[in-house]
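Here is a short briefing on one protein chain.

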Amino acid sequence: MVVKYGLVGVGVGGTFVTRAIKQILEPEGVATVEAVCSAHEERAKEFASKWGIKKWYTNYRDFLTKSGIDAVIISTPHYLHFPMAIEAIDEGLHVLVDKPMATTLREADEMIKRAERKGVKLGVILQSRFDPKLRKIKSIIEEGRLGKLILGEAYIEWYRTQEYYDKSRWRGRWATEGGGALINQAIHTIDILLWLMGDIDTLWALVGTVAHKIEVEDLAVAAFRFKNGAFGVIIGSTAIYPGFPHRVEIHGEKGSIIWEAELIKKISIMGEPEYSEEKRPEELAAWVKPEAVPPKNHAELIRDFTKAITEDRKPYVDGLEGRRSLEVIRAIYYSGMTGQIVKFPFKEY
């Protein structure tokens with residue numbers, strides 16, 4: 001069975017998933033992009049023509065009901081993820097939604113419940129979990145080669161100009177972006193940290209807007225304790241000039257692993273040879289120009305989601321997994337605004 005996807009949203013995210021399907025999965029007979037939807041007619045027509053997509057729509061309802069698709073990929077501004085997902089689920093369509101899956105935990109929980117009730121699959125595009133290098137790191141941790149985990153760190157110290165926010169109709173606003181540096185730029189790295197280290201027990205954070213004229217945060221610092229007893233740190237920002245590669249550090253009693261800008265910078269374990277990778281131009285470009293990254297991880301995530309549909313099983317990154325990073329981000333916002341220590345699970349409502 002070739003699963004027919006419909007894509008809503010033709011920006012960077014939509015281009016990524018289309019490249020993944022058209023260049024990798026469609027030639028293998030796994031999946032195809034049957035239709036595309038955008039509120040802007042010219043963009044929809046141009047995108048469909050460029051990628052050889054048969055059908056294009058400007059009306060989302062028509063797109064859902066008349067295109068003959070099996071599943072929807074949602075790659076729109078954050079505030080549209082929830083209503084678009086709910087409408088698609090209610091039509092009995094499977095939904096793969098870009099990060100963040102929603103802007104609040106209430107929305108995320110309703111999406112999860114509704115998909116379960118309707119018997120459709122819900123997945124979240126957190127493609128880093130399919131990266132072979134990160135899977136290698138996860139295997140090392142699970143094999144116990146680092147010993148007891150003691151510290152996990154995520155650093156996303158990027159830079160965005162004021163123009164980046166000014167030219168957008170939805171970025172920089174709580175109602176439409178749902179936050180700032182954390183929910184947009186840092187969420188993938190936060191997800192990686194949670195995937196490798198496990199869930200958080202308690203957290204305290206500082207959140208502020210220090211270098212931009214926007215409603216939302218451009219700098220956040222969180223300190224926390226994982227449920228396994230290890231300490232943790234997250235720093236997320238779009239205010240650090242000129243911007244530095246994103247990084248995850250995992251430290252155990254017997255060794256450390258550093259992953260930076262899509263490569264393994266160091267694996268240093270007692271009694272084992274040290275390992276590091278040379279910097280490759282395409283990997284260094286990933287944090288500067290994400291759209292230049294090959295869509296291999298996207299392809300593997302979509303392949304897994306497609307198999308979840310055809311084999312009637314859970315996707316590897318389902319709604320509950322996609323919710324984990326959103327829960328931490330919402331907890332950081334709450335702690336930063338109130339000064340309170342947050343105990344997990346975080347009760348937002």
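Of the contacts between residues at least 6 apart in sequence, 69% join residues at least 24 apart. Contact here means heavy atoms within 4.5 Å. This is a predicted model: local features need pLDDT of at least 70, side-chain atom pairs count only at pLDDT 80 or more, and totals for chains, interfaces and linings use all residues. Residues are numbered from 1 along each chain as its sequence is written, and side-chain values use heavy atoms, with hydrogens and water left out.

**Overall build**
- The protein chain holds 12 helices and 14 strands. Helices (H or I, at least four residues) and strands (E, at least two) are DSSP runs, numbered from the N terminus.
- The C-alpha trace spans about 55 × 45 × 40 Å along its principal axes.
- Of the 349 residues, 57% count as buried. Buried means under 20% relative accessible area, exposed over 50%, and partly exposed in between (1.4 Å probe, protein chains only).

**Cis peptide bonds**
- K99 and P100 are joined by a cis peptide bond, with omega about -15 degrees. P100 sits in the loop between β5 (94–98) and α5 (105–118).
- Y241 to P242 is also a cis bond, with omega near 5 degrees. P242 lies in the loop between β10 (231–237) and β11 (247–252).

- A261 has a phi of about 50 degrees. Its loop runs between β12 (255–260) and β13 (263–269). A261 is buried, at 1% relative accessible area.
- D312 has a phi near 55 degrees. Its loop links α11 (296–311) and α12 (319–338). D312 is exposed, at 61% relative accessibility.
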